[in-house]
Amino acid sequence: MGSVIHDRYHASDPHDHLRCTGDPCFRALRSLIRDVFDVADVRIYDGRDLPPARWFSACGSRGNGTASPSLDERALASERDVYVVEDTESEWQASDLNGGAGRKPTAFYAATKLRNAEGDLIGLLSMRDPDARSFSDRDRRRFLGFRAMAERELELRTQIEGRRIAGKFARSSIQLLEMVASGKPTASLLEALLTNIEAVTPGVRTSFFRYEPKTGSLCHEASPGLPASYHKQIEGLSAGPRGGSCGTAAYRCEPVIVTDIGESPLWRDYRDLADAHNLGACLSHPVCSKEGTVLGTLTFYWDQAHQPTDEELQFAHLASYVAGLVLERERMEQQLYRSRERLRLAVDAAELGVWDWEADKDVHFNDQFARILGYEPDEVSFDRDYWLSLVHPSDRERVQSFVDAYESGEHTGEFSMECRVRTKNGSYAWVHDFGGELGRHPDGRLKRAVGVRRDVTLEKQSASLNQRLGAIMNGSLEEIYLFDAETLAFTLVNRGAQLNLGYSLEELKHMRVPDIGMQGFSEKSVREVVEALITHKKESISFQATHRRKDGSTYPVRIRAQLAQDREPHLILAFASDLTEQRAHERALVKAQHKAEVARYAAERAREREAELHQLKSNFLTNMSHEIRTPLTAIIGFSELLQEEVNEESKEWIDTIKQSGDRLLETLTSVLDLAKLESDSYTITPTTINISKSVEDAVDMFMPTATQKGLALQIDMPEKAVWATLDHGAVSRVLTNRLSNAIKFTDDGGVNVRLTSDADGVYIDVIDTGVGIDPCFLPKLFDDFRQESHGLSRAYEGSGLGLAISHRLVSLMNGSIDVTSTKGSGSTFTVTLPLDASATMENDNQSSPKPRLLLVEDSEEAQHLISIILEHEFEVDITDNVDSAASMASETPYDVFLVDIHLRGEKGGVEFVQEVNKNGHEDVPKIAWTAFALPGDEEHLLNAGFAAYVAKPTRRADLLSTLHEVLEAET
């Protein structure tokens with residue numbers, strides 16, 4: 001029977017026996033091979049599953065029995081085209097050849113590998129039988145014939161399956177592209193792409209990771225078939241030669257195939273992760289832009305070891321291409337957004353109004369278009385007629401004609417037009433409209449136009465100003481030149497220059513600055529002058545030169561140059577004055593010099609006499625100051641101490657003594673201060689001071705006086721301290737004067753002191769509810785010895801010097817005092833002082849040991865007074881002569897010296913400074929405490945080495961403030 005079947009098969013075309021496709025065809029082929037060779041079992045399986053993992057559907061399932069893997073593996077490893085074992089019992093143990101449960105062991109086995117047209121392994125055809133048999137050359141040729149049939153069917157099946165998958169993917173890709181067109185988010189598009197891939201390729205799971213070029217890492221985007229626990233562990237994977245499948249594909253920019261994850265070195269660090277998620281093989285394909293840069297990776301995963309087919313590789317390539325389109329869409333949208341944003345910024349920066357006009361409809365415009373006319377965007381809507389109604393009446397007919405011609409098609413293409421347009425506040429602005437048409441109807445009528453609007457009002461005003469300036473320049477006989485700072489070419493020359501030089505205006509238009517001579521002043525020197533002006537190193541520059549006329553003659557000039565236009569192109573304005581007549585005057589002046597010498601000699605004699613009288617006056621004031629201040633020091637000092645010790649009955653007498661002493665001291669100080677200011681010997685010494693503390697100290701000083709009068713004395717200033725670089729004594733003097741006057745001239749209500757500051761300065765307002773000032777007296781308010789009430793009608797005490805001295809002190813500090821007042825309602829004095837930005841806040845809150853002070857004073861009353869005043873804040877040592885003081889300074893480290901100038905013996909305060917400085921104490925601050933308080937005394941003592949100067953008598957607060965100031969400066 002077998003031979004008959006063999007002969008029948010051999011005589012016919014083998015393909016006539018396979019009139020089917022797919023699984024039925026494979027079943028028919030297996031049946032035919034069993035009949036031809038009379039064997040028990042024939043098997044065909046797909047080479048994508050090699051080594052055997054699952055049987056092809058036509059071969060049955062493993063439940064029907066599994067062939068010994070050792071036979072199939074030997075056949076796959078064999079180099080022969082047909083691998084035959086005629087009698088397996090002579091080669092292997094029966095246990096290795098068992099065909100499965102209920103089956104006899106395999107004795108005969110024959111197999112051949114199936115390949116495609118390119119020679120790639122695509123499957124295995126095998127047959128087996130429990131009886132041993134021989135296998136002839138004729139059997140071999142027949143078996144190879146069946147191999148060709150199986151190979152063709154496998155390729156056909158693969159092609160059909162590939163077309164089926166490609167068709168499904170094509171349909172899903174079309175749906176995906178429709179989603180792209182609808183503007184769906186990128187994440188949603190990628191999720192849909194991967195979901196479609198998994199739907200058309202059962203058994204495949206996918207993931208997509210975006211590549212971040214800045215960090216060189218991968219970030220998860222989508223993985224519908226994988227749990228979050230997987231991509232969380234992959235998140236941030238670095239692209240590199242050992243970055244797993246995904247990282248390596250991004251690094252190489254080429255597909256990476258891992259047929260067996262368990263054996264791949266790329267997965268060495270991720271095997272546990274693969275096992276946990278049942279991953280056996282993967283294909284990672286890079287997703288690239290059209291320029292070839294990597295955008296991400298698309299990965300296919302299989303549950304078991306697997307070799308991707310050509311169709312699967314092509315499918316992965318196609319899917320990666322579609323993913324690239326999605327990301328390219330996203331990138332183009334971002335580029336478009338950035339381009340639009342750059343355009344918007346450019347339009348905003350240029351302050352351009354943009355308009356879009358559809359004929360017979362409203363004009364669409366941006367915000368700046370409305371704001372050029374002073375409107376907010378939501379305040380107005382423009383149409384053609386409304387826009388024309390805003391045009392200036394003098395321009396309206398011209399604009400109307402132009403618009404009508406453009407609408408009708410008489411004028412076409414681009415257009416440019418300037419006109420005046422009424423703004424929201426009723427004024428007119430010059431605007432320049434530039435634009436072009438976007439389409440016209442068949443009859444030529446305008447369909448749509450777009451353009452921009454620019455405000456050119458300033459340009460028009462500038463042009464008008466230049467015209468007026470030219471008229472003014474031409475009316476001057478002085479030479480006036482306007483020239484370009486870069487080329488040195490004249491842009492404007494007046495009539496005076498034309499007349500003096502002898503050139504015509506046309507000739508000067510083509511000339512440069514060096515062309516008019518300027519002997520002794522080269523082009524290089526001119527450019528140095530120009531550079532100094534345009535870089536603002538100098539505001540103006542004056543120099544002498546010599547101009548050469550057209551006829552060759554020369555004349556001396558003085559040139560004054562300044563910057564006329566501080567933007568490109570920079571323009572320089574120069575004035576040239578002819579010095580010919582001035583030189584003649586100079587020669588005449590020389591002749592009169594002899595007469596002047598005689599007058600000068602007489603004047604010098606008069607000045608010498610005046611100086612002699614001034615010296616006598618100074619000596620008198622010095623003696624009187626010393627004689628009055630010394631007893632006043634004891635009177636005022638002990639009065640302050642006695643106020644705290646006596647009973648209420650005696651306190652009124654002590655108050656009277658102190659008030660009289662204060663008044664006498666105030667009068668003496670005011671007279672001496674005025675003398676200093678008049679003699680220009682008062683020197684401002686700026687230091688970094690806490691203005692807030694100075695105001696608080698002044699308010700604290702006058703609080704008892706205000707309370708006694710029943711007045712409310714308030715202070716208003718910021719929480720953060722205000723610091724400035726000013727003269728501490730001058731500031732304190734001004735504050736004292738202002739508060740004293742405010743309290744003195746206020747009987748009801750109160751006084752408020754307000755401190756504010758900004759980047760420009762410090763502002764101190766003293767506001768009272770007092771008697772006020774008559775408007776007629778305000779111009780005389782700061783004059784010496786001036787008071788509104790005087791003579792027998794005088795209502796308030798005082799010397800009339802406080803405001804005059806305050807005004808001069810503030811002026812010396814480059815400040816000002818302003819006053820507003822209503823008679824009978826009160827006054828507000830505002831002191832404005834400059835604020836030095838380099839002033840820094842000091843920390844006054846740090847605790848430290850008491851500083852040690854050495855007092856050098858020969859008056860026992862003064863010694864006693866100082867020890868009581870300073871006992872709570874200083875460790876005070878006292879001596880009355882220089883030698884003892886120098887000895888004490890060499891034995892004890894002192895933080896500060898307080899020294900009287902006039903001491904018993906031959907040595908005084910100046911000699912003390914010299915001795916202690918020689919002994920290494922030049923860094924310890926010395927304060928001169930003296931009754932010498934005439935003009936020049938303070939400067940003399942500061943030059944002698946003293947750090948500060950305090951005039952006797954002094955208030956306790958002033959002395960403590962000076963001590964703290966010099967100690968803070970040292971630290």
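Tutor: The answer below starts with the model as a whole, turns to the cavities, and then moves to strands and loops.

This is a predicted model, in which local features need pLDDT of at least 70 and side-chain atom pairs count only at pLDDT 80 or more, whereas totals for chains, interfaces and linings use all residues. Residues are numbered from 1 along each chain as its sequence is written, and side-chain values use heavy atoms, with hydrogens and water left out.

The protein has 27 helices and 32 strands, these being DSSP runs numbered from the N terminus (H or I over at least four residues for helices, E over at least two for strands). Of its 971 residues, 43% are buried, where buried means under 20% relative accessible area, exposed means over 50%, and partly exposed lies in between (1.4 Å probe, protein chains only). Among contacts with a separation of 6 or more, 58% are between residues 24 or more positions apart, a contact being heavy atoms within 4.5 Å.

Rolling a probe the size of a water molecule over the atoms shows where empty space is left. Two or more lining residues come from each of β10 (353–358), α11 (384–389), α12 (393–408) and β12 (414–422). By class, the lining of this largest cavity has 12 nonpolar, four charged and no polar residues; Ala, Val, Leu, Ile, Met, Phe, Trp, Tyr, Cys and Pro count as nonpolar, Asp, Glu, Lys and Arg as charged, and the others, Gly among them, as polar.

Two strands are said to pair if DSSP finds at least two bridges between them. Strand β2 (residues 83–85) pairs with β3 in the antiparallel sense over three bridges, while eight bridges join β3 to the antiparallel strand β4 (residues 121–129). A111 of β3 is the bridge partner of Y83, and A111 also has S126 in β4 as a bridge partner. Between β3 and β4 lie the five residues that complete a hairpin, and G119 in the turn has a positive phi of about 90°.

Individual buried positions in other strands can be read in the same way. In strand β27 (residues 826–834), S827 is buried, with a relative accessible area of 4%. The side chains of S827 and S821 are joined by a polar contact of 2.7 Å, a term for a pair of N or O atoms within 3.5 Å in which, within protein, one must be able to donate a hydrogen and the other to accept it, residues adjacent in sequence counting only if both atoms are side-chain atoms. F490, in strand β16 (residues 490–493), is likewise buried at 8% relative accessible area, and its C-alpha atom is 6.9 Å from that of V513, 23 residues apart along the chain.

Some backbone details deserve a careful look as well. Most residues other than glycine have a negative phi, and most peptide bonds are trans. C253, although not a glycine, has a positive phi of about 60°; C253 sits in the loop between α7 (244–252) and β7 (256–258) and is partly exposed at 33%. N278, also not a glycine, has a positive phi of about 60°, and N278 lies in the loop between α8 (271–276) and β8 (281–288). The peptide bond from K952 to P953 is cis, with omega near -15°, and P953 belongs to the loop between β32 (948–951) and α27 (956–970).
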